[in-house]
Amino acid sequence: MKKEGKRRWVAVLEITLAIVWLIAMALAGFFFPSFLTSLPTFRIKEIHIYGANSISPSAISSSVYQISKNNWLFLDSKRLLAEANELTNNSLESVKIERIPSLDGARVNVYVQERVPIAYVVHDNSLMMIDKQGELFYNPAMESKLPIIYTFSFDYIKKYHTNLNNLVEHIKNVGFSINEVYVTDRNTIIYVSGGRMVLPPLGQISPLVLDRMKKIYNKIGMEKMDVLITSENMAVIKEEK
């Protein structure tokens, strides 16, 4: 009986100590960040932003304080990128953080890379920009003369963004200025200076189609011409009157 009583007492003691330890760790985890932030060494005393050509540096600085709570130990580039993109309509491609600590606080350098648009994309009266990686964003400070892509689905454009990028670059290399592009699930209609091209659906525009287009316009030019290129690489040319 004495042995059983002793075992029960030991078991109760172990459980009690375990609960006390868990509570202590929980309290430490809750108060420890605040304790570190109260120490001058771990505070952020200044922030310098590099590479923000069209995006407001204040949006990035605000994101730094939001995720770090003014403690440079808690800074993380992935979290900073996500937070900054919330404030800039996904206009940042990447961020890099550099910390320079000192006894009275740390200097934080943030290097950002802005997204570069290749075209505007319009769907249901919503205007976005798209970059070479297929990321949709909108940066009103980066207004420039870009092709306008009208589409039935943002997801469709993102899925075939590589084909879109190749198409835009190919037409520029040929020497035409793109005015508007209409992307449907049946074809891709491109209005350029002086004429119109009807190509297969964006998902079917292959290097062979682009090469065929280049050869056609090298021979006939683009003065009021309608050109239809099928997925079988057949071309129909009609001169506008």
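**Notebook: salt bridges, sheet and cores**

I looked up D131 and R115 and found both buried (under 20% relative accessible area with a 1.4 Å probe, protein chains only; exposed is over 50%, partly exposed in between). I note that this is a predicted model, in which local features need pLDDT of at least 70 and side-chain atom pairs count only at pLDDT 80 or more, while totals for chains, interfaces and linings use all residues. Residues are numbered from 1 along each chain as its sequence is written, and side-chain values use heavy atoms, with hydrogens and water left out.

**Entry 1: salt bridges**

I recorded two salt bridges (a side-chain nitrogen of Lys or Arg within 4 Å of a carboxyl oxygen of Asp or Glu). The side chains of D131 and R115 form one of them, at 3.2 Å from N to O. D131 belongs to strand 5 (residues 126-131) and R115 to the loop between strand 3 and strand 4, so this pair ties together parts 16 residues apart in sequence. Strands here are DSSP runs of E, at least two residues, and helices are runs of H or I, at least four, numbered from the N terminus.

D104 forms a salt bridge with K45, with 3.3 Å between the closest N and O atoms. Since D104 lies in the loop between strand 2 and strand 3 and K45 in strand 1, the pair ties together parts that are 59 residues apart in sequence. I found K45 partly exposed, at a relative accessible area of 42%.

I traced an open sheet of three strands, in the order 1-3-2 and with mixed pairing (two strands pair if DSSP finds at least two bridges between them). Strand 1 (44-50) and strand 2 (92-102) are at the edges with a single partner strand each, so one side of each is left without a neighbour in the sheet. Strand 1 and strand 3 (residues 105-114) pair in the parallel sense over six bridges. I looked up E46 and found R107, in strand 3, as its bridge partner.

Helix 2 (residues 57-68) packs on the sheet and touches strand 1, strand 2 and strand 3 (contact means heavy atoms within 4.5 Å).

**Entry 2: nonpolar cores**

I then examined the largest nonpolar core, of 30 residues; I130 and M213 are among the members that touch the most others. Such a core is a set of buried Ala, Val, Leu, Ile, Met, Phe, Trp, Tyr and Cys residues joined through side-chain atoms within 4.5 Å. Helix 6 (207-220) is one of the elements that supply at least two residues, and helix 6 gives the most, with five residues. A second, separate core of 18 residues includes V64, W72, I97 and V110.

Definitions and conventions:
Axes fitted to C-alpha atoms, helices over the stretch in contact; angles between N-to-C directions.
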